[in-house]
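Please open the model in your viewer and keep the selection panel at hand.

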Amino acid sequence: MSPAPRSQATVFVVDDDASYARSLEGMLCASGYEVKCFTSAADFLARRPAGAAGCVVMDLQMPGMDGMALQQALAQSGDPLPVVFLTGHGDIPTSVTAIRRGAEDFLTKTAPRDQLLGAIERALARDAHERRARAHRRGLQARFSGLTPRDREVLAHVLRGRLNKQIAADLGISERSVKRHRTSLMAKLRVESVAELTRLAVEAGIDTGDHPAGSS
Amino acid sequence: MSWITVVWSMITAVCLSFAAVHLLVWLRSRDARTNLLFAISAGAAGVLTILELVAFRAATPAAYGETLRWMHVAVAIVVIALVWFVRSYLREGRIWLAWTITGLRALVLVPNFIAYPNATFGEITSIASFRLVGETVSVPVGEPNPWRVLIHASVLLLLIYVVDAAVRAWRQGDRRRGLAIGGAIVAAAIMSAVNSQLMVRGLLPGPLTGLAFLLIVIAMGSELSLDLIHARELARSLRESQQRVELATRAADLGLWEWDIERDEVWANEGARARVGFGLSERVTFDRYLQRVHHDDREATREAVLCALREGADFKAEYRISGPDGGTRWVAAQGMVLRDAGGKAVRLRGVAMDVTARKRDEAELQRQRAGLAQLQRASAVGQLSVVLAHELNQPLGAILRYAETAELLLQKEAPDLEKLRAIVAYIRSDDQRAAEVIDRVRALLQRRSLQFETIDLRGLIAQVAGLVQAEVQAREATLDVSVPGELPEIHGDRVHLQQVLLNLLLNSLEAVQGLSEERRGLTVEAWQRGDGKIEVAVHDRGPGFPAGQISSFFDPFVTTKVDGTGLGLAISKTIVEAHGGHIWAENDPHGGATVRFTLEAAHDRGTA
């Protein structure tokens, strides 16, 4: 297997066992990865570069905050990273839990290199993908944030498939004003059709307004 | 028969009867000197009364004088015996007075036999007739003997001596005896002295000493009857106390024994004899007894006895006896040395108890502890397989990673030899680490799987507390167990949970070693928490866990003890977690450490 190292991606190794961390770092460096080592979960949370792409390879059993706790903390942060767990001795219930919580893989420390690199590759790919998705979503959200409050009101009604006349009646404004808002918000969001607008709103996680607000 | 003969014979009979009774007492128990002296005195008084009766019938002055002479011998014996009797009976009286009276009385016998006709009369000229109780008796008429002054002196001294002794006895608290004996003797002495005077003046036919002595006999008779009553009471209370002792010895299964050292004879009660296999009437000597003692303990037992005799300390020994049934019994014996007035050891008296059961329990406890320790070691590795795999996979994983790195480096055209050399050194060091891990657990390679059952945790805690009790006592610590009676049963492996508790308790014991007494108290508590889980806490007031390391104490090979393996807490953790529980340590703000672990109640587990 020949990995295709990404220039931006870093493999964060978190392990209290210094010797294993060093050996892993050596192997990963020799395999062409950018590697950063941390000796504890707390150390990693405190010192990890913000927004850095990559993945975490960590020991499951560590004093203080263990691997599972760190995985949860990472997942709940605004800057998640995929996790590959390493353990001296893996028991099935723990690995099941770890995988269910979104760990990329769960390997013993003596797992062969191919297996380990495969897991890292998958984790990096997932990180890249999720990162892209997050960036895209953030871009869309930024576009939506340029709307005025009235634009949003009109948008909500449009997304619910209401006609201009109905919208004008609901909001107590003229039909012309509704049309003007529609043109303005579609321009701001850089879409040309209602279908496109709906897809964009879904992608950005905007409420499509199944529950009409302010209707009387 | 005349009244005189009847009365005087009766007096004689009474005196001789008393003499016979006291003589018999003395014959039975040779150290009863008091009784012998009284027997002599009373016997002589009896003879004196007969002689007096003879004197009453004397037809000639010579015959009267001869009888009177022998009467003096009897009086001397009466008085001397009485003097020493007083000393012996009242345990009072001046010794020099006693000797003086004895001497004077003996001295009176000299003129009695040298001068004619006796010590009372210088010469008896004739015999007069005298009517006494309607009868005619002989009365001597003659010159008083000048030696009579000796008699008067002795009587006076006797009075002083007796009064003095009686007063002293009275003061010593022996009032009844002092009054009765002192009073009777004084009265008798005065009466015979007066009678003697009257006789000399021809107003009485004789000194009527027998009559006077009757007073003493009556006093002694009353004393004797009181003594008899007292003896009966003593006998009864002795019987009662014997019954009590018997009851107590039987209840405690005690054997009573006594070794008469001079006669080398061992007395032992039925229980003690039966235990050693001696018949009830069999004669037992010290050596014969020692022969029944287990040969390994024989010399130590002999030495313990000799040591007690030599140093006057109490005798105390535990030894084995080869019993009659061929079995071996453990005996704990304890005794004290009795000495005579000269300080010579005469008897060794004591009790013996069969402690076989206790010894067996001790041995069983020891065996259990050894077994548990062994099991602990054995199951350590059973539980350790998890720990071991983890520990071993760290260096093995690292070695693998280094090897992979080396492979990658070697694939390059110009391999970085410096890096490779470093990698080889790392591989070597991790290999060393793996070897160390294996070394540490090699002794423990045995497997025991968990066997779950429903357990009464309260009983289990009590059992473990019992197991460590000896250790607790040996270290002068205390162990308080506080477990509510209504604690629900748990589902778990008995031996493993015992091991956890034992580990924690032994750790705590070690933690408090060498601390002040009030800090050497351990507590074990168990209770059901609000969430239904059962929490067990082992608390000590030792130095606590070093700050910052408290979470790593359950990791393998982490120890604060110089000689510890660091496996105890790791194993405890593995076991507790295998039971679905948690274990953690806390430092108390007021000093000391608590290790807590949780277990699930049996019914909770059943429904889960």
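Select strand 12 (residues 534-540) and strand 14 (residues 593-599) of chain B, which pair in the antiparallel sense over 7 bridges. Strands here are DSSP runs of E of at least two residues, helices are runs of H or I of at least four residues, and both are numbered from the N terminus; two strands pair if DSSP finds at least two bridges between them. Within this pair, display B:V538, which stands opposite B:V595 in strand 14 of chain B.

The model is a predicted one, in which local features need pLDDT of at least 70 and side-chain atom pairs count only at pLDDT 80 or more, while totals for chains, interfaces and linings use all residues. Residues are numbered from 1 along each chain as its sequence is written, and chains are lettered from A and ligands numbered from 1 in the order in which they are written.

Contact between two residues requires C-beta atoms, placed from the backbone, within 7 Å.

Move to helix 3 (residues 61-90) of chain B, whose 30 residues reach 42 Å from the first C-alpha to the last. That is close to the 44 Å expected at 1.5 Å a residue, the span being 1.5 Å times one less than the number of residues. Of the 30 residues of helix 3 of chain B, 22 are buried (20 or more other C-beta atoms within 10 Å of the residue's own, all placed from the backbone), so the helix is largely enclosed by the rest of the structure. After helix 3 of chain B comes B:R91, whose phi is positive, near 55°.

Finally, where do chain A and chain B touch? The contact takes 19 residues from chain A and 23 residues from chain B. On the side of chain A, helix 1 (residues 18-30) gives the most, with 8 residues.

Notes:
Buried ≥ 20, exposed ≤ 12 C-beta atoms within 10 Å, placed from the backbone.
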